[in-house]
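Here are a few exercises to work through with the model on your screen. Try each one before reading its solution.

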Amino acid sequence: MAEMTIKKRPKNLDLTTIRLPLPGKVSILHRVSGVGLFLCLPLLLWLFGASLASPEGFSGVKAIAGMFLVKVILAGLVWAFMHHFCAGIRFLLLDLHVGIEKEAANKSAGVVLAVSLPLTAILVWGVLL
């Protein structure tokens, strides 16, 4: 039997000490935002359906959406959508081998945050307030 050599490599499994570069953080936020959107989709569809069912349903949804906690949750969902959309475009470009160099990848990750946060602020200001 051939003897296997086991490589001694550094392993850091402590998640509190791992320092990710900006593209890594954007990638994780892309996944988190996608999961959040997926999990909240039934609630959003129910609210949408209730708002279209009758004038009373619309009034009820309007009253629910007027609560502060619901506004915070909806603002979070708007951010999740905007970030997921912008990061998705970035990942599509990376799949086309556009901006795969280290410096360009760092810049595009910064652009995702620089675009998604103001777009979120504009949409939240215009819709929820």
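**Exercise 1: Val127**

Val127 has its place in helix H4 (helices are DSSP runs of H or I, at least four residues, numbered from the N terminus). This is a predicted model, where local features need pLDDT of at least 70, side-chain atom pairs count only at pLDDT 80 or more, and totals for chains, interfaces and linings use all residues. Residues are numbered from 1 along each chain as its sequence is written, and side-chain values use heavy atoms, leaving out hydrogens and water.

Task: decide whether Val127 is buried or exposed.

Solution: Start with the cut-offs: buried is under 20% relative accessible area, exposed over 50%, partly exposed in between (1.4 Å probe, protein chains only). Val127 has 62%, so Val127 is exposed. Now look across to Ala75: Val127 and Ala75 are 52 residues apart in sequence, yet 9.4 Å apart in space, C-alpha to C-alpha.

**Exercise 2: a charged pair**

Task: find which side chains meet in a salt bridge.

Solution: Look for a side-chain nitrogen of Lys or Arg within 4 Å of a carboxyl oxygen of Asp or Glu. The structure holds one such bridge: Lys107 with Glu103, at 3.4 Å, N to O. Lastly, both Lys107 and Glu103 are exposed.

**Exercise 3: two helices**

Task: work out at what angle H1 and H3 pack.

Solution: Helix H1 (residues 22–53) and helix H3 (residues 68–95) pack at about 130°, with axes 8 Å apart. Axes are lines fitted to C-alpha atoms over the stretch in contact (heavy atoms within 4.5 Å), and angles run from 0 to 180 degrees between N-to-C directions.
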